[in-house]
Amino acid sequence: WALLRRGAAAAGQGLSTPAACSPACRCDEDGFADCSGRGLTSVPTGLSAFTYYLDISMNNITKLPANVFKTLPYLEELRLAGNDLSFIHPDALSGLHQLKVLMLQNNQLRTVPGAALKNLHALQSLRLDANHITAVPEDSFEGLQQLRHLWLDDNSLTEVPVGPLRHQGNLQALTLALNRISRIPDHAFANLSSLVVLHLHNNQIEEIGTSCFAGLENLETLDLNFNKLMTFPEAIQTMPKLKELGFHSNNIGIIPEGAFRKNPFLRAIHLYDNPLTFVGVSAFQNLSDLSSLMLRGASRMQEFPNLSGTVNLESLTVTGTKISGVPVDLCNDLALLRTLDLSYNEIGMLPTFQGCVKLQEISLQHNRISQVGRETFQDLSALRVLDLSRNQISNIHSNAFETLSSLTNLDLSQNALTTVPVVGLGSLSQLRLAGNLQIKSPLNARRLPKLRSISVPYAYQCCAFIGCDPFSSSDEVSRKKGAGGDEGVERISLVLHCSPAPGAFKPCEHLLGSWM
Amino acid sequence: HTPGMSTGCQSGCLTCSDYNGCLSCKPKFFIFLERNGMKQTGVCLTSCPSGYYGTRSPERNDCTKCRPECDSCFTGNFCTRCRAGFYLHQGKCLQSCPEGRAPNDAQRECVPECP
């Protein structure tokens, strides 16, 4: 149809003569007219009847009189954004039978111009965002049978326009974000069976009916972020195709058992910045498409979430809880896990993470771990970062790190170690041992050839890694390649940062077995 | 007058500089960085350019790239028009249409098959 229309346009105007245009616009042969940002106070005249795209945004048109587009029957896209429009005559848009896209955002409208929209039977996209709309008359969208995308965000709505939306069976994407909506009644979106995306973020929603989302059987994305929800939105159970759910930055304290059992296709759940105190053990089971789960600060949570069936998790964060143990079969289901953060819990015993072969980062700091066995981290050849700091570890099996061929960062600081197993740490570039006051013997630098940064309990232990020349800068010291100094000690040219660095009052000689 | 800050900002701008264009926008406008070779120039728009979608928030309104197969989109996961060679079906740009639907090249959409 587009080709026919342009052919007709060329024929209608004689191929050689340029398309009719208005002095205030830039037009092309294809029916494209750009009159934006010209300081116009009224719709330009003199445009070609075959104009299909008209942009008069960012002008000073405050009113649209009747029949102002009567001469443009082929118009498909009309842009009127940013005009301080406050009044649209009921007949202003008459004649636009082919209009598909109407942009009225960034104006001064206080109500939806329902009468003017009535005959736009081909309209698919309607932008009314960033106005001052407080009311949506019941018949606002009556004539718009083809409407697919509706923007009503950034207005002053205090309730969901349930009535006006009742007949929008073809609507696929709707945003009511950034309004003042405080509740969602039951069956608010009952007939929106084609809706795929619904944004309600940045409202004041405290209360939602348990059937408020009934009818949204095709919804895939629901955004309830930045509201005032106090309880978990159980109403999501009526949406079997939900893939992305956001309710972060609300006031939800509890995620109940089986919270997502009716939403098996969930890929992403955004729930941070809620005062969580409890999470049901079964809440996150059987979510086979979920790739990331982040639970922070559920302070009353005592049991590790059951993740059976949630087999495609790549990132798992559970921090700030009273969890004291990790399921021994955790890695049976999490073969794809790449980052695991279980810091700031009360974990005492560690299982083996052997099945989680793709793990790259493990954070276990701030727990109550007392020992690390041979199998704990066995076969994690992709592991790069391991943080075990601030635990009570007194014993690490001598071969615990044997298979960690990619490990570059190891933090064992603030524990109760007496020795450090260096087997398998050939790739280590950063090692933290500070705070293990029982480690008094010098460390074997030759087993840590790639070390760049190390913190040790006592300054003299730095001497194994840096020449204790008085002229070297106290912190950043480089070791020169080639034999020299001590017999057989190879010095490798590496920039090494060692703390606490030895100095005048902390000489390299180990005096009296300990340092005051 | 703050050194480096321009006095004549483009419409929609709240603050701007001669070299970088708009640095911040008036309320309800989207900030967008136009690329011109290595140089980036800030502009304030009432809607994001084709190939981007707008996200409004109380503090700021941003433009984010649509998926590569979309010409325009409502959000990152929902396209409203596809690139050539793709066909729109329920917000997705597909290279082939699901059963019962046929590709329409002019509209780049999957449309109901003729009975």
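A salt bridge here is a side-chain nitrogen of Lys or Arg within 4 Å of a carboxyl oxygen of Asp or Glu. Before using it, a word on the ground rules: this is a predicted model, in which local features need pLDDT of at least 70 and side-chain atom pairs count only at pLDDT 80 or more, while totals for chains, interfaces and linings use all residues. Residues are numbered from 1 along each chain as its sequence is written, chains are lettered from A and ligands numbered from 1 in the order in which they are written, and side-chain values use heavy atoms, with hydrogens and water left out.

**Stop 1: where the chains meet**

Select B:Lys92 and A:Glu220. They form a salt bridge whose closest N and O atoms are 2.8 Å apart. Between chain B and chain A there are six salt bridges, and a search over all chains of the structure finds 19.

Now show the whole interface. Counting contact as heavy atoms within 4.5 Å, 19 residues of chain B and 33 residues of chain A take part. The size of an interface is often given as the accessible area lost when the parts come together. Buried area is that loss, computed with a 1.4 Å probe and summed over both parts. Here the figure is about 2,000 Å², with carbon and sulfur atoms giving 55%. Colour B:Lys28, B:Arg56 and B:Phe74 next: they supply 35% of the area that chain B buries against chain A, more than any other three residues.

**Stop 2**

What is the distance between their closest N and O atoms? It is 3.3 Å, in another salt bridge. Helices (H or I, at least four residues) and strands (E, at least two) are DSSP runs, numbered from the N terminus. A:Asp154 lies in the loop between strand S9 (149-151) and H3 of chain A, and B:Lys28 in the loop between strand S2 (21-25) and strand S3 (30-36) of chain B, so this pair joins two chains.

Buried means under 20% relative accessible area, exposed over 50%, and partly exposed in between (1.4 Å probe, protein chains only). On that scale A:Asp154 is buried at 11%, and B:Lys28 is partly exposed at 21%.

**Stop 3: a bridge inside chain B**

Move to B:Arg108 and B:Asp71, a salt bridge with its closest N and O atoms 3.0 Å apart. B:Arg108 sits in the loop between strand S11 (101-104) and strand S12 (109-112) of chain B, and B:Asp71 in strand S7 of chain B, so the pair ties together parts 37 residues apart in sequence. B:Asp71 is partly exposed, at 24%.

**Stop 4: the nonpolar core**

A nonpolar core is a set of buried Ala, Val, Leu, Ile, Met, Phe, Trp, Tyr and Cys residues joined through side-chain atoms within 4.5 Å. The largest one has 140 residues, and those with the most contacts inside it are A:Phe189, A:Phe213, A:Phe260, A:Phe284 and A:Phe377. A second, separate core of nine residues includes B:Cys66, B:Cys70, B:Cys79 and B:Leu88. Back in chain A, zoom in on A:Phe189: among the residues it touches are A:Val160, A:Leu174, A:Ile184 and A:Phe213.

**Stop 5: a buried asparagine**

Select A:Asn415, in the loop between strand S26 (409-411) and strand S27 (430-432) of chain A. Is A:Asn415 buried or exposed? It is buried, with a relative accessible area of 8%. Its side chain reaches the backbone nitrogen of A:Gln392 at 3.3 Å and that of A:Ile393 at 2.9 Å.

**Stop 6: backbone details**

Turn to A:Asp273, which has a positive phi of about 55° although it is not a glycine. A:Asp273 is in the loop between strand S17 (268-270) and strand S18 (278-279) of chain A, and is exposed at 56%. A:His366 also has a positive phi, of about 60°, and is partly exposed at 31%.

Finish at A:Ser499 and A:Pro500: the peptide bond from the former to the latter is cis, with omega near -10°. A:Pro500 is in the segment after S30 of chain A.

Conventions: Buried area = accessible area lost by both parts, 1.4 Å probe. Polar contact = N/O pair within 3.5 Å; in protein donor to acceptor, adjacent residues only side chain to side chain. Lists of a residue's contacts leave out its neighbours within four places in sequence.
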